[in-house]
Amino acid sequence: MPRIRIGIDTGGTFTDVVAFDEESGELVTTKTPSTPSNPADGFLEGIEKVLGLIGATGADVAAVSHGTTVATNQLLEGKVDRLGFVTNTGYEAMLEIARQSVPDGYGNSYFWVKPDRIVPRDLVKGVEGRLDVTGAEVRPFDEAGAREVARWFRDHDVNTLGICFLHSYANADHEERMRRVLAEEHPDCVVSVSSQVLREYREYERAMTTLVDAAVKPRLSAYVTNIKSRLASYGDLPFYVMKSNGGVLSADEVVHQPITTVLSGPAAGALGAAMIAKVAGFDHVLTSDGGGTSTDVSVVVHGEPTLTTEGSVGAFPSKIPMIDVVTVGAGGGSIAWLSPEGTLKVGPQSAGADPGPICYGKGGREVTITDAHVFLGRIPPHLLGGEIPLDVEAAATGVRALAEELGLTPEACAAGVLEISAWNQANALRQVTVKRGLDVRDFTLTTFGGSGSLLLCRLMDVLGIPTVLVPPNPGNVSAFGLLTVDVKNDYVQTHVALAEQLEAATVAAIYDDLAEQAAQALTTEGFAPEQHQFVRTADLRYFGQAFEVRVPVPDGVVDVAVLADVAGAFHAAHRGLYGYDFSADPTQQVEWVNLRVSGIGPIQRPEIARHPVVEGGAEARTSTTERPVCFDAAAGYVATPVVPRTALPPGSVVAGPVIIEEFGSTVPIHPGFTARVDEYLNIIVTRVEGAQA
C-alpha cells in the first residue's frame, strides 16, 4: 500500500522536500535547486531525489502536498495581464475611489499618488440592475445590456474577467446571470465571481479580492495542471496545494479558488515552526523564515499562528482568511546597492537563483547578503553539504569593489550589509508584535529556512529576545509544515444586526447553511462524514465602528445564552486588542457583521521524535575544524571552531564563537552566546549571563 507522503516547498533559490513514511514514522529531507523558467522541473527532480534517498518508488507515494509562490510572485512583481471588470451601472469608478486611507510613510495625502488600479478604467463596464442590502431586487437585471458587455470584452480580446455587483453577498442571482451570459457570448473567458470568492460586504474589498482571484487564475491553473499531469506517471495519487489559511486543498479544487494560495509557502513554514516549537515547550513564538529572496515572519500565540482577513500581497488587498505573515526583501539573494545619495541599501531586489549571488559563479555581478556571509567566513565555501561549491574569491572581489565606493574596509562593508539586513528583519518582526500591542521580548524566536538563522544573534541584540530555537533541518521546515496541515475550507456570510435585535434561530440557520457547504466540500475531498470538523467564528464590533474583531462561537445549539457568551468574548477580545471595552456601558451596542465556518478534514501528522540526553555531549566540539570568521569588523577575523550539527547529541552545549553547520543551513553563534541541543534536536540559543547586548 502507498505509505509515503511528500511535502514540497518551491522557493526562489531552492526546492525543499520532506518525505514522511506513515508506517515507520521516518522523516527524510533534501533540497534541489529551483528552476525558475519551469518550476515543475525542480518539483519533479525533488520527488525523484527524495525517493532515491529512502529507496522507494512512485508506487509507494500516498500523497503530495505543495507550497507554491506562483500567485505570490505574480502579484509582488505586478505582472497582471489584461483584465476586465463588470459591476453595476454607475459604479464603474469603484476601484479609483477605493478607500481614503493613506499608506504609512505619507504624512499628508497631498503627497501621495494613488497607484494604478488593477483594471484600467477603460476595461470596466457597467450592467444595469440593482439589489438592496437584504438581497431584494430594486431594479431588474438588464440581460440585453449584459450581452453587449460580454461581446465588447470578446471583441476587444479581454479574456479574464471579475464580476462584482452591489450586495451580491446577500443574493448571488444577478452575478450568476452575468456569468451565464458570458458563458454563452464569450465562452473562452476566465471568470471570477465575487459571491463565490468572498461572500461578505464592503464592495471595494470584495471587488479587489475577486479581481486578484481572476488575475492569478490562468497562470496558477496552468502551473498546477502541468504538475498534476506530470505526477500522473506515479499513478492517480492525491495532490494538495497549501492555502493561505493554514489548510490544504486538492489541485482539482484549487484551480477554482486560486486566491486562496497567495501566501501558500509562508503559511506552511509558520505552521511547521509552530508545531516544532510547541512540542519543545514554547507556545508563544515568532517565526522567521529566511529564503533566497525574502524573509517571512509571523506570530504564534498558544501554539497557533494568528489569522487575518486584512492582508495584502504587494499593492493588492486580499480579504481572505490568511496566516498573518509579513514579508521583507531580506533573503540570501537580496542585493546591496547605493542610493542616489550614496548610502548603502539592501533589497528588496534579489539576484534569485539565476544568476544568483556573485559566489554562485553564474554571472551575478552585484553583492548580495550571501556574498557578505561568505566573505566574512560565516557560511562555508559550499552549499548543500558540498553539492554546490561557492566562489569565495569572486565574492571577495565584489565586496572589495563595493567597499571602495563607500570608503570602508571590506570587512566593515560586508558587516554593514548584514547589519542593514538584520534591522530589516527586526522591523518586520516588530510589525507582527509591537504594532499589535505585543511585547517582542515575551516571545521565543524560531528561525528556519536556508538563510533564516544566519543573523539570529544580532536579532537577539536588536530586539531583546531572550531565546532562539533553530529546528533540525531548518531549511526544510516549510516542506515539513506541508505534512502537518489538514484540508481546510472557509465560508462566510455577512449578516449585519445589533445584538439586541439578533434572532438566535436566524444565526443558527446561517451557520447550518455554511456548515452544509463545508461538509459538501470535505466529502468531495474524500473525507467521511464522521471525520468532518467545523469551527465557527463571528466578526463583531461596537455600533459605529468601521472594523470588526473575530471571536469564536461555541459548538452546539445556537441560543440566546450562546449569543450572550459570544458578545462577552468580543468585549474581552476588544479589551485585549485596544486596552478598553464598553461591556459596562449600556449605551454602546454590540453589532454582529459576519458569520464564518471553517470545515476541516484531519490528516495524520508526523510525530517529532524525542531523544535521550547524552552524558558528556558537551565535549563533541573537540573533534572540529576551524576557519577564520569575522563577527566584528573592528576585531577582524578570529579562528573559529566549525561543528557539524550531527556531532552535537542532545545535551550538548557549545559557547560562541562557533559555527554549527548542516546540509541545508548554517548557524553562526557569536561571542557572548551559547547553544544547547534539546531532546528534540533543536538548537536553543541564549545569551551568556552578564554578556553585553
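Helices (H or I, at least four residues) and strands (E, at least two) are DSSP runs, numbered from the N terminus. The model is predicted, so that local features need pLDDT of at least 70 and side-chain atom pairs count only at pLDDT 80 or more, while totals for chains, interfaces and linings use all residues. Residues are numbered from 1 along each chain as its sequence is written, and side-chain values use heavy atoms, with hydrogens and water left out.

View A. Leu681 sits in the loop between strand S36 (673–677) and strand S37 (683–687), and its phi is near 70 degrees, a positive value in a residue other than glycine. With a relative accessibility of 30%, Leu681 counts as partly exposed, a class that lies between buried (under 20% relative accessible area) and exposed (over 50%), using a 1.4 Å probe and protein chains only. His302, which is not a glycine either, has a positive phi of about 55 degrees and belongs to the loop between strand S14 (295–301) and strand S15 (304–305). His302 is exposed, its relative accessible area being 55%.

**View B. Helices H12 and H13 at their crossing.** The axes of helix H12 (residues 410–431) and helix H13 (residues 456–463) come within 10 Å and cross at roughly 55 degrees; axes here are lines fitted to C-alpha atoms, for helices over the stretch in contact, and angles run from 0 to 180 degrees between N-to-C directions. That makes H12 oblique to H13, since angles under 35 degrees count as roughly parallel, over 145 as roughly antiparallel, 65 to 115 as roughly perpendicular and the rest as oblique. On the H12 side the contact is made by Glu419, Ala422, Trp423, Gln425, Ala426, Leu429 and Arg430, and on the H13 side by Arg458, Leu459, Val462 and Leu463, where contact means heavy atoms within 4.5 Å.

**View C. Helices H4 and H5 at their crossing.** Helix H4 (residues 143–155) and helix H5 (residues 173–185) have axes that come within 9 Å and cross at roughly 50 degrees, which makes H4 oblique to H5. Glu143, Ala146, Arg147, Val149, Ala150, Arg151 and Arg154 in H4 meet Arg177, Met178, Val181, Leu182, Glu184 and Glu185 in H5.

View D. Thr467 lies in strand S26 (residues 467–470) and is buried, with a relative accessible area of 15%. Leaving aside neighbours within four places in sequence, Thr467 is in contact with Thr444, Leu445, Met460, Ile684, Val685 and Thr686. Ala267 has its place in helix H9 (residues 264–279) and is buried, with a relative accessible area of 1%. With the neighbours within four places in sequence again left aside, Ala267 is in contact with Met242, Lys243, Ser244 and Ile323. The C-alpha atoms of Ala267 and Met322, which are 55 residues apart along the chain, are separated by 7.8 Å.

**View E. Cys164 and Cys189.** When a disulfide is taken as a pair of cysteine sulfur atoms within 2.5 Å, the count comes to zero disulfides. Cys164 is in no disulfide, and the nearest cysteine sulfur, that of Cys189, is 16 Å away. Cys164 counts as buried at 1% relative accessibility, and Cys189 counts as buried at 13%.

**View F. Two cis peptide bonds.** Gly347 and Pro348 are joined by a cis peptide bond with omega of about 0 degrees, and Pro348 is found in strand S22 (residues 344–350). A cis peptide bond also joins Gly656 and Pro657, with omega of about 5 degrees; Pro657 lies in the loop between strand S33 (653–655) and strand S34 (658–661).
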